Each structure stands twice: as C-alpha cells, then as structure tokens.
Amino acid sequence: MRTVLCYGDSNTHGQIPGGLTLDRYGFEARWPGILAQALGSDWRVIEEGLSGRTTVHDDPVEGAGKNGRTYLRPCVMSHAPLDLIIIMLGTNDLKARFHQPPSEVAMGIGCLVHDIKELAPGPRGSIPEIMVVAPPPMLDDIKNWAGIFKGGPEKSHELALQFEITADSLEVHFFDAGSVAACDPLDGFHLNQHAHQALGLALAREVEAIGWK
Amino acid sequence: MPDMRFAPPNPLRIADRASGLNAVSVRSYNERLVLSLLLQSGSTTRLEIGERTGLSAQTVSVLVRSLEQEGLVAKGEAQKGRVGPPTVPIVLNAEGAFSIGISVGSHQTDVVLIDFVGTARFHATLPNPATDRSTNHSEFLQTIREAVAMLPKKARERLAGVGLALPHRAADGRDHEAYFAALQSEIEEQLGIAVFVQNDITAAASGESMFGVAKPLADYLYFYLGARLHGRLVLNHQIHNGNSTVSFDVGLAALERTLAGEGQATAPLWARDAAWPDYGAALEGWEDRLTDEMIQSLIAVSQFVEFTTVVLASRAPRDICDSICRKLSSKLPRLKAILGETGPSPKAVGAASLPFSSRFMVD
C-alpha cells in the first residue's frame, strides 16, 4: 500500500468555478478522487487542498492559516510515512498584495521541497518522491477577481517554466497541468469537472511513470 | 554563510527551450547512460533506467524530461497494465538525431543517411575514387550535401555527424589511413560536420548490435562476407578485437577466381541487388569452403566463450546467404545462424552508427 499526499489550493480542494468558497465538487469529481480511482486499491490518496493557500506567505488579508509552508510541516508529519507528495500551488502567490514575480513564486515552491527533504517523511525516514505541478495558467478575464489578482494572469503563464527550472535544479518530478487542463471561463482561474478529470488521469500516468517496485 | 537552499536555482540544466542538439561537451554522463540503454534496447521505463543505473527516481525524471525536451526521446504507446493506469514506455524519437555513414568497399562506396532508430532515409552508391593522390573528394562532399539536403531544414541541426568506415586491406596498395584522414579533415572543414572513423567490419558489427538482428544479443560472433571473410566477436554488447586485420580469402574474391577459371560471368558478384546466375558446382564448392572456414573460427572461439548465435552480413543475394546459414546450422546443430538486417549497406549503416555511439553513449 502506498500513500500520496495532494498538497494544493482551491483547485485541489475542488472549488467550483464561479461559485462561492463553500461550493465544492464531490470527492469522485475532484482530481485527487480521479487519481485515486485511476491508481487503484494499491494507493491511498490524501487530499490537502485549501482555498487561498500560498507557497510561503502569511496572507495579511485572509490570515496566517493560508501559509503553505507553516502548515506543510504538521501536515506531512501527521500523514507520514508518505511515498509521494504532489504540490500544486502558486496561483494565490500572484495576488497583488504579495507583489511576487513568477521566479519568486518558484522560490516558494523550492522552500517547500527543501522542507520536505529535511523532514524526510518517506518510508523509514527517507525522502519521499516529490512532484511539483505547475497550475494551469489563469485566463485573461478573471471577472471580479481582476483587482485582487492585478497583473496575475500575465505572470501565471510563466509559472510552468519557473517551476520546472526549480524542479530540475532540486531534482524532483515535475508536471505542467496546463498541458492537459485549462481554467474555466466562469471565473478564469478555477478548474471545472472536465479539467479535474483530465488532470487526475494525467497525474495517475505521471505517478505510474515514476516507477515503483 | 549564505544558505544555499535559497540561492537562485542552478540554470545549467534543462528547462531552457533550446532547439537542436546540446553541444557534445555538456552531454552529461547520466544522459549518456540513459541514451545507451535506449540505443541498446529501443524502449524502456523510468523504473528500468533507475534499476540499471542506480540513479534515484527523481534524478531519472529530470534526465528523461531533459532528453524529451531536446527531442531525443519520446513517450511510447501506453501499455495497459493489469491494475492501475497504463504504463507509458520511453522510446527514442526517430527524428531526434540523424547520421551519415560512408563505407568504401572494394568496388564501390556507399553513403547512407539514417535516423535515430537506424532507418535509412537516403542511400547512394558511388564508384570508388581514383587512387590519384591529387584527387579531391568532391564526389563525397556532393553526396553528403545531397544527403543533408534530404532533411527538412529544422532536422539539419540534428545531424550528429558523419561516420567513416575504414577498410584495412593489407594487400591493397593504397594508403587507406592517409586517405581517410584527408577525407575526414576535408569533410569537417568544408561542411562543418563532425567526422568519426572506425574499421569498417567493426562498424558493421556495431550497426548490427545497435539497429539490427543482434540488438537483443549480448554475445555473438559476427561474420562479414565481402571480397574476403571477416569476423568479429561481440561480448556483452562490446565488440572485441576491433581492429584485427586478419581475414580469410574465402569470400567473393575467391569465388570470383574460381568462376573466372571456369569461364563463367563474374560481374553479377559485384552488382547491387542482382540475383546470381546458376553457378552450379562452383558455387556449391565455394559455399563448403566458406562454411568450413567459418566453422573453424567458431570452434576456435568456443574454447573460450560459449555462444549460441552467429550473425552473417553480406551484400551477396539473400538466397545465397540463407543457404550459407543453413549449411552452418546443419554442420553445428546447436548454433543459430541468422542474417544481418542492416541493409542497404551494413558497413555504411554501421559507419552511421558511430556518431550516435560517440555522442550519445557511454564507452
């Protein structure tokens, strides 16, 4: 039995495009659910998706709980041993209040990778497999979120390259979610059911491709 | 002391989007390991790469992604597993690299252009150049240019080089070493393409190991039947005795002498893709002498190494080669004799495999 932790934001939580924060797809429709079904009974999939989660920032508006770095430590420790940790974050770092260029968001992802390696929550205290997933780029029209994410859509197109550079230099797995899924036009930055489905299946193949004995 | 964890990421690797092949100097040993595996087996998985190289899954992942971006490897067709998601193998991208091979035979010169999986995309046969020292090699250069022009413009950047298969014929008056050295520097100078030189029989055996019937074989004995009979021993995918000049005068030249003595036509022996006329008893006798010589070699080698397969390559017609293989198998029943399949010209295809092994494989 293997265990994978899906560490992400609203697009891992399964927030419905154009809906309210409380509107969430059911487990089977969210990508971790699709992943669980595709991987089969050999795998246990743990969901850790929080709307508004950043890579390493306390959110001055939404609160310190959105900081992906401070929560990662207790989260990983409570779920250890973990064979694989999938991180899909970064979109919320593009909020205007954080003033982050894409390369800085990638640095935040790098911090999480370093923290995981330091914690070594894999089997028998090893470093688990880590997969950095770049979120699909935001659409140009993000409706009434335009102010909060001012300048964000443009930056979001650069995340995949910056994340891949980080993944390569830290020697971890990488996948570009934008290669299989796009954001829904209803709000321009959330994934609809089709996108969750496509992403879950693609990640299942990526997980399989890592090669497990 | 600064905390190196928070230094800018090392930009050396990969996630650039450069097109074309990486320069030779930055091809890492680990990348060569992965490409060697693929050139040897054609298809693999990240798990297998990890097991064969001892590299971690995450390192393999970065390597494979880098090679994918460079266009050298691609995702193969998904294989549905018993449980879980389908397995997607890693394969060589046929369009990932190209190579030109030149082999100067006893009667003519072959030039081929092959892709990364060994398929010949271009093949030309030229008369051998005159032995006159003042001859330049414009006919080669022109043919190489034609071969390069076959490639779409974007693929021309993906030419790994030119391989030259060099014959060692002691009896031949020409100084082949000097001739090929001159040709090598001329091609490199005039066309700006890297040139790699090797003994032609060794090259033909390498080509068979990389692209032909010998791909799955770790150990085998390789015979090349040309004007003379040449042999090479391949152990654990490595070709031994690479530059041996020993060969046996039981090849096509010997047959030619016999036929000429009987007043029979000998031109078909050297013609390309031509069936031989019925040579009758002369052919039968030659096949016997040839296979006897081969068997002596086989017996001599089997004192030291146990092997079960012999690969025969030749430009002789297929029915003749089949008959030779049958004779071998009937005289040594536990031996499997098979025909090489790196046509149209085993030596030229072998020559073309040289730039691949030099640039992409570990020694």
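This is a predicted model: local features need pLDDT of at least 70, side-chain atom pairs count only at pLDDT 80 or more; totals for chains, interfaces and linings use all residues.
The strands of chain B considered here form an open, five-stranded sheet with the order β6-β5-β4-β7-β8 and mixed pairing. At its edges lie β6 (120-127) and β8 (195-199) of chain B, each of which pairs on one side only. From one strand to the next, the twist averages 15°. Within this sheet, β4 (residues 98-104) and β5 (residues 108-115) of chain B run antiparallel and are joined by seven bridges. One residue to look for here is B:I100, whose bridge partner in β5(B) is B:L113.

Helix α7 (residues 200-211) of chain B lies across β5, β7 (159-166) and β8 of chain B, at about 105° to β8(B). Helix α12 (residues 346-360) of chain B lies across β4, β5, β7 and β8 of chain B, and runs at about 130° to β7(B).

Turning to the interface, 26 residues of chain B are in contact with 33 residues of chain A. The area buried between the two chains is about 2500 Å², with carbon and sulfur atoms giving 54% of it. Two salt bridges are counted between chain B and chain A; B:R65 forms a salt bridge with A:E164, with the closest N and O atoms 2.9 Å apart. Eleven residue pairs are in polar contact across the interface. On the side of chain B that touches chain A, α2 (46-53) and α3 (57-69) of chain B each supply at least two residues, and α3(B) gives the most, with seven residues. By class, this side of chain B has 13 nonpolar, seven polar and six charged residues.

Methods: Residues are numbered from 1 along each chain as its sequence is written. Chains are lettered from A and ligands numbered from 1 in the order in which they are written. Side-chain values use heavy atoms; hydrogens and water are left out. Two strands pair if DSSP finds at least two bridges between them. Helices (H or I, at least four residues) and strands (E, at least two) are DSSP runs, numbered from the N terminus. Axes are lines fitted to C-alpha atoms, for helices over the stretch in contact, and angles run from 0 to 180 degrees between N-to-C directions. Contact means heavy atoms within 4.5 Å. Buried area is the accessible area (1.4 Å probe) that two parts lose on being put together, summed over both. A salt bridge is a side-chain nitrogen of Lys or Arg within 4 Å of a carboxyl oxygen of Asp or Glu. A polar contact is a pair of N or O atoms within 3.5 Å; within protein, one must be able to donate a hydrogen and the other to accept it, and residues adjacent in sequence count only if both atoms are side-chain atoms. Ala, Val, Leu, Ile, Met, Phe, Trp, Tyr, Cys and Pro count as nonpolar, Asp, Glu, Lys and Arg as charged, and the others, Gly among them, as polar.
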